[in-house]
Each structure stands twice: as C-alpha cells, then as structure tokens.
Amino acid sequence: MPKRKAAIAVGGVAALGAAALLLPNANASQDENQASGTTGTAKTLKAADASGLAAQLQKILGDAFAGSYYDSGKQQLVVNVVSGDNNVILQAKKAGAIVRQVENSAAELKAAARTLKTKATIPGTSWAVDPRTDKVLVTADSTVTGAKWDRLQSTVKSLGADMATLKKSSGTFKTFVSGGDAIFSQVQGGNVRCSLGFNVTASDGSPAFLTAGHCGVAAKDWSDSQNGQPIATVDQATFPGQGDFSLVKYNDPNTQAPSEVNVGNGRTVQIKQAADATVGATVFRMGSTTGLHDGQVTGLDATVNFQSETDPNGVDTVTGLIQTNVCAEPGDSGGSLFTQDGSALGLTSGGSGDCTNGGETFFQPVTTALQATGATLGDGGAGAGGQAGAGDQAGAGDQAGAGAGDGSGAGDEAGAGAGDQSGAGDQAGAGDQSGAGDQSGAGDQSGAGDQSGAGEGAGAGDEAGAGGDQIGGGADPSAPSDASGSGAAHDGSSSLTGTH
C-alpha cells in the first residue's frame, strides 16, 4: 500500500531566525539573590531532568514544597519552601536544587485559585500559579471591561497583595480555530482544521494521534487534504472541563505513525518520551499555520475561561493547562509543544494574541492526555530512523544525519503535500472557522520581541545556543511559499509525519 503523510505543515519555518537564536534568561540574577544563604552545590540540569528532580523533591518536602521552576540561564532547578525540617531541606540541597524560602504555601495558592473560580469565572480570564513570584498570576483579555473588570479586580484584591497579581492582555482568549488547509474535517458551514500533535499507539494497539479536544468535539472524521476522504476518526474527546485533548485513530490499522516532529527544511526531532512541563524551561511549538516558534513556560495548572462557541452568554472553562509566552494563531490548535531533547509536553489549546504582537498560549499536558486515553507515545521507532534530538539536528545545515528523506521523508511519500496534511479543524461554530488562510506570516515574529517581557524572555543556555546546537537555525529563504495562505516561506515537505 503506498505511503502517505498525515502531517503538520510548516508554514513559516523559513522565517525562524528568532526562534533559533535563544536569548540568555533574564531571571538569572534574581534567582541568585533570592537563593542566598543556601548551601550545597546546585546541579546543572537539562529542563527534562529538572522536571524529574522537582517531582522527587515534592515528595521529600511534603507540605513545605511550594512549587519550583527552572532557571534556564544557569540550568538549575529552584525549589520554593515555606517551612519544614531543616534536615529535609538539606536533602533537597544535596539533591542538587537551589532552595528558596517563600511566604505562600502551595495550599494557600490553590485556595486563592478556588476563590477565583468561585467569584471570577468570567469569559476572557485565566489564572495560574507562578512559582517565580510565589503568586497566582491572573490575566484578563481585551474583552474584560466595565463591571467584569471591576469584579475581577475586586476579587484579586481580596486575595491580598502578596497572593496574586493581575495583568491585561491586548488580545482575546480563544481556541485557535480556523477554516483552511491542514488536516481537515468538513462540517456544516465549511471546512475546519487543527494541527496534529503527536502520533501515539492506542490502548488496543491501533495507530492514532493526539490533538486538541475542541477539534475532536467540532468534528469526528479527519482528512489529510481539504477535499480528501477521511483517514482518521475521533475515538475520545474532552473539552471543556478537565482538559482539551482528543485521541484520533487512523482508519487503516496498518498505518505507520512515526514518533517525531519535523521542524522544517528536512530536520526532525524524534519524540522519545512524554514529560511534565517546568516553569522557566524553554519550549518549542509546532503548528500548521505559523510553523515553529519558541518561548518559555510561565505557569502550570492554569485555568482558562474561553467565551463559549455555542452559547453567547456561556463560558467554556478548561483546567489543568500549561501557560506559556509562545505565540500561536488560528489553525495551530492541537499542535505539538516539545523540548529540544525530544520530550513531548503539550497540545495547543488556545490563548490570546498572535505571532506578530505576541500573547499568552495554553497547552494541554501530554502526560494527562496519555493517562486519560490509555495511549502511549510512539510507534516502536517506525520512521524515526537514527535521528537524534533537535540540538543535534539543527543549526545552519548541521543536521544529525536527518534530511527529509532520512526519516520517512516527504520525497518518497505519495499523497498530499505538507501544507494540507495536519492539524485540522477547530471549534464548532461556523462563524469562528472562517478566514484561517489569512492568519499568516508571523513565523518570523517569535523569539525575543514577544517573549522577553517580565523576565519571561525566550531562550535558555541549555536549550540552544548561538551555534549549531539550535532548533531551526539556517532556514532556507528560498523555500516555496505556503499555499495555506500563511505567506511565510517554508519547505513544502516539512511535516510531523505519520505515514500510512
């Protein structure tokens, strides 16, 4: 049977200069001062290793644990503690973390979040714990005005000045839904699209992929071309509520679904495992509209109140999300959030802003989606070849043996091109599914400009550098234009592949 690609298009990868040049972390000096008085030598860690250490220390510290974050400039884990047995804290230091004394306990921060849920579940708002400030960060989009803003402001104030902070976002919180090309579904009112997140194996052994839950709620059958026959069917979908994820099974049980993300110009990142996100870590997002962008994790266990797509007076509340400053646009829903070393972190849910002006973007944790659906990452290695992590494949042509043809490349695949392959539909509600094709050209806007504010700037010394150890460096400016309407040049074969 001929192979075809079920893929993520890479609109805008050729304009990825900013995403490749990761900046030094702006929080380093702050953490150094706050960690004064600690003893022991902090370990130099990769972000994925820091996440594992944080989980271990949470168990050791118990009630004294008040969150943690990754200082990507120093490549160290910072653990917040409120009190506790000095011997236990010493164990944390000996384990290699920087231990920082803070005022607010994890229980107090969670209680503040519950108060916000009770009193301020307003469309266009979100909140998440920010361990770097030891507060709950509350965000309101541009629609929160008048009495709604007063109500939100009053609720935040009631929590206490040292418990929460409130900021305004210039955009509007929405799921990144769009009509256009990528992976498609036809619904009443036209085509919808999202982005394929990660290929997985379902609990019954069949090949499948994960994408956003609001995509699976919007439509059941998905195709890899705008007017093509369905190639996959939604098996499970969760949205709104406790997550935003879908498990979509390929209709052909012989489908090969390689566990990799193609980051453009033939470069791929082999996805080796699922991992939990860590605040402060540098991450990369792939989507069918805007391609590859980078930024930092800014909060965990975020709650987002989207305006309901079906009820003008309703709210679609989603909990348990990862908050970042990575940009995204309509059509990117469901796309991959991952690390340079090949850890799958999340699926694009929604947010505010775009890749010209920046904004906040929220992601469904992959670990939660896998646990809920019973799926496992990967395909046993099919199609992944010998490709290493992104750091070994990037730079200006410094690829680790992985051209487009070396990892189940586009050249040997029959079927549709990358641009019409992935992602697919978004929310129900025809009005929100139009105009995706013009969500363009922001691929070159990521990086420093929209990701450096408030100490949350993109970049980290361990995630890349100025040299060859970078994702997406040296994109080909001569690559053909994206037919999806993004306007940004890209390699037409670039994709997150799932051959079948």
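A disulfide is counted here wherever two cysteine sulfur atoms lie within 2.5 Å of each other. The structure is a predicted model, in which local features need pLDDT of at least 70 and side-chain atom pairs count only at pLDDT 80 or more, while totals for chains, interfaces and linings use all residues. Residues are numbered from 1 along each chain as its sequence is written, and side-chain values use heavy atoms, with hydrogens and water left out.

Cys-194 belongs to strand E9 (residues 190-194) and Cys-215 to helix H7 (residues 213-218), so the pair ties together parts that are 21 residues apart in sequence. The names of these elements follow DSSP: helices (H or I, at least four residues) and strands (E, at least two) are DSSP runs, numbered from the N terminus. Both Cys-194 and Cys-215 are buried, a word that stands for under 20% relative accessible area, whereas exposed stands for over 50% and partly exposed for values in between (1.4 Å probe, protein chains only).

The other disulfide is formed by Cys-327 and Cys-355, whose sulfur atoms are 2.0 Å apart, and with 95° about the S-S bond it is right-handed. Cys-327 lies in the loop between strand E20 (315-324) and strand E21 (336-338), and Cys-355 in the loop between strand E22 (343-351) and E23, so this pair ties together parts that are 28 residues apart in sequence. Cys-327 is buried, and so is Cys-355. If the bonded cysteines of the chain are numbered in sequence order, the pairing reads 1-2, 3-4.

We turn next to aromatic rings. Rings of Phe, Tyr and Trp (its six-membered ring) pair if their centres lie within 6.5 Å, and planes under 30 degrees apart count as stacked, over 60 as edge-to-face and the rest as tilted. A search of the whole structure finds three aromatic pairs. Among them is the edge-to-face pair of Phe-173 and Phe-362, with 5.6 Å centre to centre and 80° between the planes. This pair links distant parts of the chain, since Phe-173 sits in the loop between strand E6 (164-168) and strand E7 (174-175), Phe-362 sits in strand E23 (residues 361-365), and the two are 189 residues apart. Phe-173 counts as buried because its relative accessibility is 3%, and Phe-362 counts as buried because its value is 0%.

Strands can also be followed through their partners, and two strands pair if DSSP finds at least two bridges between them. An open sheet of three strands has the order E1-E2-E3, with mixed pairing. Its edge strands are strand E1 (65-71) and strand E3 (98-101), each of which pairs on one side only. E1 and strand E2 (residues 76-81) pair in the antiparallel sense over five bridges, and Tyr-69 stands opposite Val-78 in E2.

Elsewhere, strand E10 (residues 198-201) and strand E11 (residues 207-211) pair in the antiparallel sense over four bridges, with Asn-199 opposite Phe-209 in E11. E10 and E11 form a hairpin with five residues between them, and Gly-205 in the turn has a positive phi of about 90°. E10 also pairs with strand E24 (residues 376-377), again in the antiparallel sense, over two bridges, and the bridge partner of Thr-201 in E24 is Thr-376.

Helix H5 (residues 106-119) has 14 residues and reaches 20 Å from its first C-alpha to its last, close to the 20 Å expected at 1.5 Å a residue, where the expected span is 1.5 Å times one less than the number of residues. Within H5, Leu-109, Ala-112 and Leu-116 are buried. Seen down the axis of H5, its buried residues fall within an arc of 55°, so they line one face of the helix; the arc is that of the directions from the helix axis to the C-beta atoms. On the other side of H5, the exposed residues are Ala-107, Lys-110, Arg-114, Lys-117 and Thr-118.
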